[in-house]
Amino acid sequence: MRVVVAMSGGVDSSVVAGLLHEAGHEVIGVTLQLYDHGAATGRKGACCAGQDIHDARRVADRLGIAHYTIDAEARFAQAVIAPFADSYANGETPVPCIRCNQTVKFADLPDLARDLGAERLATGHYVRRVDGPDGPELHRAADPARDQSWFLFATTLRQLDMCLFPLGGMEDKRAVRDVAQRLGLGVAEKPDSQDICFVPAGDYADVVGKTRPDALEAGEIVTSDGRVVGRHDGVGRYTVGQGKRLGDAAMLRGERQIVVATEPGRRRIVVGPRGTGTDTVRLREVNWLIAEPAGAIRCSVKLRAREQPRPASVRIADGATTVTLDESALPAPGQACVFYQDERVLGGGIIVRDAMSLPLDRLTA
Amino acid sequence: MKTHYLDANATQPIRQAAREAVAATFDVVGNPSSVHGPGRAVRRILEDARETIALAFCGRPEDLIFTSGGTEADAAAIHALSANRRILVSAIEHDAVRSACPGAGIVPVLSGGIVDLHALEQRLRDGIPSLVCLMLANNETGVIQPVRQAAALCRRFGALLHVDAVQAAGRIPVRLDDLGAHSLALSSHKLGGPAGCGALLLAADAPFFAPLIAGGGQERGRRGGTPAAAPIAGFAAAVRASAGDDPLRLGALRDAAERAAVDCGAVVCGDTAHRLPNTVCLALPGAAAAVQVMALDLEGIAVSAGAACSSGKVQASHVLTAMGLGTLAGEAIRVSLPWNAVAADIDAFAAAYRRVAVRLRPALAPHAGRS
């Protein structure tokens, strides 16, 4: 069958293209140009496309497959970078990879694949698609160290139906690199990509400040009872749970302090003793990969990309989705809360800020 | 799957005579600047080519400077002619011209794709010494520009005119003396010779301020570096061979392709103007140009859209934008027939275009607002 492979130029998606080609499929490589690489790295005269697009084309050359570069710069700026900056300005800690997967990768690329007459879109994500009795299911990758299911919770069932994730069953990254070696793809030992792709050099705050300078305006650090205990250099530089950048406010009355909330409207950072937490997490932009449950369900949830799942209940009432944690934690607004049943992703949502910052009296220390 | 190559304005298939001339020249060892016999042998090939090409475009052999291609010819002309002059370029010039004079004033084009001569006259009326750059035929639409009238205007107001004739040469008659321009840029591979060489042909009365590359003083001190004798021999052979092309035959094939696309809902950009016989620019409303090019490629049809940068990504066409086509500027592909196109190519194009148009047009949902 004809398959479009989203090729980033890295080893993972290159191996996907190689494996599908080897299996006899008609593979079409597509690379998205998401931002001006020359500008992002601050290298004068550098090509807008950068080395990764070159690498993807060379892999396609080696495989003898068609390859196209798509100009998604405007779309990426509007759908990913702008909300990224807005989210920080709103006192949240966004996950741009989720937004990118939700818009550019799993909304636009399946459309492109259909336009090109392809049956499937394949990516190098470490997740498994399992075809169950009621249709496609999203499962964690075989290698827990590489699992990316948390980043893909917002994929819709219709999108999932179009997708292939050939690396989900791979034992580990070494196995992937070995395949790249065997297929002679030339990117076998290329280093993994780091952090956020559109801030490859320097500070994410620079990117935020360009569109939302208000996110970097100085303000007060206060305790939950409103006492001013320090100054900060921009709400956008702080994440709930963070212990750094607090200056003298890092230690109050002999207790280590962390950020427990942000109040972007008043440009305030609220600190509290380490161990502060809540058992209630409200969500927005909830996506279900199962039939939406009528009442409460028991499952495990992950509040961060890299953490062990924690037991919880998820309840939908009056259109609002609320998670009750068995043990309190300190979730960061803007991050995702993803629901799991064993290996399977059930759904998830984005953690809402006001649940954390306003009813401070509900915070338990 | 057989590929049907319909992207001649990017590069032409090489002509047999050019291939033979290149191969024959490889057998001649020597540097045209050398004193000895082998040097003279290569020099003779070079000067024969110079005469062939200069005369074909009605210039003097001593005014023809070989370059690495059309881009260098444009850059060299602008470098040589613009001393103490303001530069004015049409809004539809190729990047070879635009990037050689980034601060230039822009002369707009009318909606039909033809340069606005009244606007040019208004600019020249201030009497400031100027160099004007106007292409003879546009690479994307094929629209032929009123270069003779522009040259007359330039001469009336004491301006110089450089003409990028890269797409016109080999497709329509090009006579430097008749056009009245001060210089012509030519490219070998756009008319069926090998890539890697081109020429700048100066009018007898054109000034020459300074070479772009001085080097060892080759080309009468106007372009340093050993001329590429083999490609140049192929260039001359291709110029000779192109005189035998039948523009009516190519024009009829182009018209057939155009009709087939229009039947599927395509809009022809620049159809009210005189155009090159081999070129048509087809916009399919609602279908992104980049996707059309990819989908046609997968059907074995090689066409292009806008200007592809070195990464291969397709950007919206500045030419079509300048023509006021709005969103259509991002929805247009260029079909350009090579000198050896045949009816089977057009049949294949028509069938593929229909399949692609049918597939793309139901999916016209706008991208905005989706999440």
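1. Ground rules. The model is predicted, so local features need pLDDT of at least 70 and side-chain atom pairs count only at pLDDT 80 or more, while totals for chains, interfaces and linings use all residues. Residues are numbered from 1 along each chain as its sequence is written, and chains are lettered from A and ligands numbered from 1 in the order in which they are written.

2. Confidence. The model scores ipTM 0.86 and pTM 0.90. On pLDDT (the predictor's confidence in each residue, from 0 to 100), chain A has a mean of 91, with 93% of its residues at 70 or more. For chain B the mean is 94, and 95% of its residues reach 70 or more. Over residues 363–371 of chain B, though, pLDDT is below 50, and this stretch has nine contacts in the model beyond near neighbours in sequence; a contact here is two residues whose C-beta atoms, placed from the backbone, lie within 7 Å. Residues 355–365 of chain A also stay under 50, and there the model has 27 contacts beyond four places in sequence.

3. Domains of chain A. The bounds come from an automatic or database domain assignment, and they divide chain A into domain 1 (2–183), domain 2 (217–273) and domain 3 (278–362). Taken over C-alpha atoms, the centres of domain 1 and domain 3 of chain A are 26 Å apart. Their contact takes 19 residues from domain 1 of chain A and 16 from domain 3 of chain A. On the domain 1 side, the largest share, four residues, comes from strand E6 (residues 135–140) of chain A. By class, that side has nine nonpolar, seven polar and three charged residues. For the classes, Ala, Val, Leu, Ile, Met, Phe, Trp, Tyr, Cys and Pro count as nonpolar, Asp, Glu, Lys and Arg as charged, and the others, Gly among them, as polar.

4. The parallel sheet in chain A. Helices (H or I, at least four residues) and strands (E, at least two) are DSSP runs, numbered from the N terminus; two strands pair if DSSP finds at least two bridges between them. Five strands of chain A make an open sheet with parallel pairing, in the order E3-E2-E1-E4-E7. Strand E3 (66–71) and strand E7 (163–164) of chain A are the edges, each pairing on one side only. E7(A) is joined to strand E4 (residues 120–122) of chain A over two bridges in the parallel sense, and A:Ala122 has A:Leu164 as its bridge partner in E7(A).

5. Helix H1 (residues 11–22) of chain A lies across strand E1 (2–6), strand E2 (26–33) and E4 of chain A, at about 165° to E1(A). Helix H3 (residues 50–63) of chain A lies across E2 and E3 of chain A and runs at about 170° to E2(A). The angles run from 0 to 180 degrees between N-to-C directions, with axes fitted to C-alpha atoms, for helices over the stretch in contact.

6. Domains of chain B. Chain B is divided into domain 1 (4–12 + 246–360) and domain 2 (16–242), with C-alpha centres 27 Å apart. In the contact, 25 residues of domain 1 of chain B meet 27 residues of domain 2 of chain B. On the domain 1 side, strand E10 (279–283) and helix H12 (318–322) of chain B are the elements giving two or more residues. That side divides into 13 nonpolar, 10 polar and two charged residues.

7. E10(B) pairs with strand E14 of chain B in the antiparallel sense over five bridges, and B:Leu282 has B:Ile333 as its bridge partner in E14(B).

8. Two loop residues with positive phi. A:Asp318, in the loop between strand E15 (310–317) and strand E16 (320–329) of chain A, has phi near 50°. A:Asp318 is exposed, with 5 other C-beta atoms within 10 Å. B:Asn84 has phi near 60° and sits in the loop between helix H3 (70–81) and strand E3 (86–90) of chain B. B:Asn84 is exposed, with 7 other C-beta atoms within 10 Å.

Technical notes: Buried ≥ 20, exposed ≤ 12 C-beta atoms within 10 Å, placed from the backbone.
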